[in-house]
Amino acid sequence: MSETFFQEGGSQEDECKSILPPDSPIGSNGSSRFFSTCVPCERAADTSFVTCPTCQGSGKIPLELEKQLVALIPYGDQRLKPRHTKLFVFLAVLICLVTSSLIIFFLFPRSIAVQPAGLNSSTVAFDKADVLLNLTNILNISNSNYYPITVTQLTIEVLHLSLVVGHISNSLLLHINPLANKQIFYAVPNKIWDENTYKICTWLKIKVHHVLLHIQGTLTYTYLSHSEQLVFQNYEYVDCRGNTSAPH
């Protein structure tokens, strides 16, 4: 499509000059339609005009037609050719893949290791036919993740001869950094009312006064607004004759 204009001057003109050059293939030899928009050369007093942008300022068009102008760009113009499009698409896909891989690698949940480290100290007392045994044990916790975790609760149950002799449930707020280890010291009061065990612990003719305790525990921890529980167990031989303390 072509846009036409007329020059501003004192004399009136019956024709309007075409924007496209005479040798333009558009509209030549009747091969395509030729559309022209002409305005009267006489300017009314109430009509506003602007400079025509296609004729180097040598013509005028009505102001209301300014927004209807269409710019003609040659087919071979560089602005119509994409530049480095494949490179940009490849870089965008590569960045997305790398970012996704890193997020999955660092946020993928890994195991939390809970390892009982044994007895730290114990105190023994006797009450008629009962053995009062207070234990302080050590629990090692390893965080293999790339984000911190928080230990919120520790539940311990001590069994002797398949009977529960001690139980605790502690609320904690222990923060463990990424790829870090921490220890927890927990004390469990136990009351053993077995007659044979009482004799083993109090009979002086016996040189070894050990009782076997089965410790079962549940550790509750949170990470990334998610809560999980770990179950662990351990067996310990404890001297029930006197107080003991493990070397530090």
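Is Tyr223 buried or exposed, and what is its relative accessible area? Tyr223 is buried, at a relative accessible area of 11%. The legends below describe close-up views of a predicted model.

**View 1. Aromatic pair of Tyr221 and Tyr223.** The rings of Tyr221 and Tyr223 are stacked, with 6.0 Å from centre to centre and 20° between their planes. Tyr221 is buried, with a relative accessibility of 3%. Tyr223 is buried as well, its value being 11%.

**View 2. Edge-to-face pair of Phe106 and Tyr146.** The structure contains 6 aromatic pairs. In the pair of Phe106 and Tyr146, the ring centres are 5.2 Å apart and the planes stand at 85°, so the geometry is edge-to-face. Phe106 belongs to helix H1 (residues 85–107), whereas Tyr146 sits in the loop between strand S6 (130–143) and strand S7 (149–160). The pair therefore ties together parts that lie 40 residues apart in sequence. Phe106 is partly exposed, with a relative accessible area of 34%. Tyr146 is also partly exposed, with a relative accessibility of 36%.

**View 3. Ring cluster and the charge over Phe105.** Phe105, Phe106 and Tyr146 are linked into a cluster by ring pairs. Arg110 is placed over the face of Phe105, at 5.1 Å from the centre of the ring.

**View 4. Surroundings of Asn145.** Asn145 is located in the loop between S6 and S7. Asn145 has a relative accessible area of 1%, so the residue counts as buried. Its side chain makes a polar contact of 3.1 Å with the side chain of Asn143. Leaving aside residues up to four places away in sequence, Asn145 touches Phe108, Pro109, Arg110, Ile112, Pro178 and Leu179. Arg110, one of these contacts of Asn145, is the residue that lies over the ring of Phe105.

**View 5. Open sheet S8-S7-S10-S11.** The sheet is open and consists of 4 strands in the order S8-S7-S10-S11, with antiparallel pairing. Strand S8 (163–176) and strand S11 (226–239) are at the edges, and each has a single partner strand, so one side of each lacks a neighbour in the sheet. From one strand to the next, the twist averages 15°.

**View 6. Pairing of S7 with S10.** S7 and strand S10 (residues 210–223) are paired in the antiparallel sense over 9 bridges. Thr150 stands opposite Thr222 of S10.

Terms used. Residues numbered from 1 in each chain as written. Predicted model: local features only at pLDDT ≥ 70, side-chain atom pairs only at ≥ 80, totals over all residues. Heavy atoms only, no water. Phe/Tyr/Trp six-rings, centres within 6.5 Å; stacked < 30°, edge-to-face > 60°. Helix = DSSP H or I, 4+ residues; strand = E, 2+ residues; numbered from the N terminus. Buried < 20%, exposed > 50% of the residue type's maximum accessible area, 1.4 Å probe, protein only. Lys NZ or Arg CZ within 6 Å of the ring centre and 35° of its normal. Polar contact = N/O pair within 3.5 Å; in protein donor to acceptor, adjacent residues only side chain to side chain. Contact = heavy atoms within 4.5 Å. Pairing = 2+ DSSP bridges. Axes fitted to C-alpha atoms, helices over the stretch in contact; angles between N-to-C directions.
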